[in-house]
Amino acid sequence: MDEEYDVIILGTGLKECILSGVLSVEGKKVLHMDRNGYYGGECASLNLNQLFEKFRAGVAPPASLGASRDYNVDIIPKFLMSCGVLVQILVKTDVTRYLEFKAVDGSFVVNGTTVYKVPSTSGEALKSSLMGILEKRRCGKFLEFVGDYDETDPKTFKNIDPKKSNSAEVFKYFGLSPDTIDFIGHAMALWDNDKYLAENSVETLKRIRLYGESVLRYGNSPYIYPLYGLGEMPQGFARLSAIYGGTYMLNKPLDEIVYNGDGVAVGVKSEGETAKAKFIVGDPSYFPDKVEHVGKVTSAICVLSHPIPNTNNAESAQIIIPQKEAKRQYDIYISCVSAAHQVAPKGKWIALVSTMVTTDKPEAELEAGIKLLGQVDEIFYHVRDLYKPKGDGRKDQVFITTSYDPETHFESTCQDILDVYKRITGKDMDLTPPKKEGGKEEAE
């Protein structure tokens, strides 16, 4: 370990492994350490024995749940938008060669006491009882506007300039009802609260377009998910880094970060050895004095013996309970996967319910989501803290990622990855698809 590297990366969560892989491909000499004996950090996928050991130490799983090895349970539940940034990174780096994905069956939203499928085709939209016929026409015109909108072409503005209007004003222009606004803002734009309504509308329109483009790729829903769980993705990027010379050390505790006289990080100490580097990257758990607490996420990991009711017997699904429906400050998210994604034995489903904590009773904040699941075989509650770095890392050359939010997709995660990369390198990450033989760009 007593060597000099370009970068030392601490923690093998997805963000850290992506940065390790990309920087290795670009020729950087990378040392990647983790205090744990497994890859993934908070993004790890656990078998049944590991799940019980983490949440009920000393208790053996009941035989009725099946074999431990058949489980790959995510601690942090997230799907991939099929046209999102993470898929672009996977394609760009060719990490897709290590992974296999399957589309998620459906995306659903709660309105009143009913679970509705978010329409994925114009035919489904016409049949859906989520909106009345006149509202469907208004919504259709709005979505047509979103599809045509080009912020560089005023001809697409339809007498309202999104760059000069907030989201509420754009919705009002198209005459959308409060229920429709709630559906679009939370189930398509995927905002977790209503603050966006008072903010510039361009980001909301981009989110809605991403949702629509992702639905068109595979139908049914905008999401895909890796077979054997999210823990496969950090390992895929770790393999990429290793191919390009990256060095990995698991079970490697961090004793201290080494700084020079100017307060700039120049290496790390571990078990009596020192490794030098030009800069350090890591997750918040390695830098308690350099991060600030920004909230908590509460989650319930549930094992079921049936699909979630009212989801058309879906093998996998997302359900969003908008904040108004849940009568709280933030949305409640539900994600569900099963044996179809090789994360549970046949006949078992894994549902994860999560939201931001706003009271001193975090488990109670999940009740509205858990009620939608029907009979639950086992439930594991989990509260985790959220942190963000106090500084941008340029001064001390310590670049820290943020904690993972409760949303069921990776878009904010990827924005953090791109932001950290730009702070490190001074340039945007190149996400241009690689050229196939014959000169054409490769598509996912």
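**Close-up 1. Lys422 and Asp428 form a salt bridge.** The closest N and O atoms of this pair lie 3.2 Å apart in the predicted model. Lys422 is partly exposed, with a relative accessibility of 39%. Asp428 has a relative accessible area of 55% and is exposed, because exposed means over 50%.

**Close-up 2. Lys252, Glu271 and Glu273 belong to one network.** Salt bridges with shared partners join these residues. The structure as a whole holds 20 salt bridges.

**Close-up 3. Lys78 pairs with Asp405 in a salt bridge.** Their closest N and O atoms are 2.6 Å apart. The pair links distant parts of the chain, 327 residues apart. Lys78 sits in the loop between strand 4 (73-74) and strand 5 (80-81). Asp405 sits in the loop between strand 19 (398-400) and helix 12 (411-425). Lys78 has 2% relative accessibility, so it counts as buried. Asp405 is buried too, at a relative accessible area of 19%. The cut-off for buried is under 20%, so Asp405 at 19% falls within that class.

**Close-up 4. Arg394 and Asp392 meet through their side chains in a salt bridge.** The N to O distance is 2.8 Å. Arg394 is partly exposed at 47% relative accessibility. Side chains of opposite charge can pair when their charged atoms come close.

How values were computed
Residues are numbered from 1 along each chain as its sequence is written. This is a predicted model: local features need pLDDT of at least 70, side-chain atom pairs count only at pLDDT 80 or more; totals for chains, interfaces and linings use all residues. Side-chain values use heavy atoms; hydrogens and water are left out. A salt bridge is a side-chain nitrogen of Lys or Arg within 4 Å of a carboxyl oxygen of Asp or Glu. Helices (H or I, at least four residues) and strands (E, at least two) are DSSP runs, numbered from the N terminus. Buried means under 20% relative accessible area, exposed over 50%, partly exposed in between (1.4 Å probe, protein chains only).
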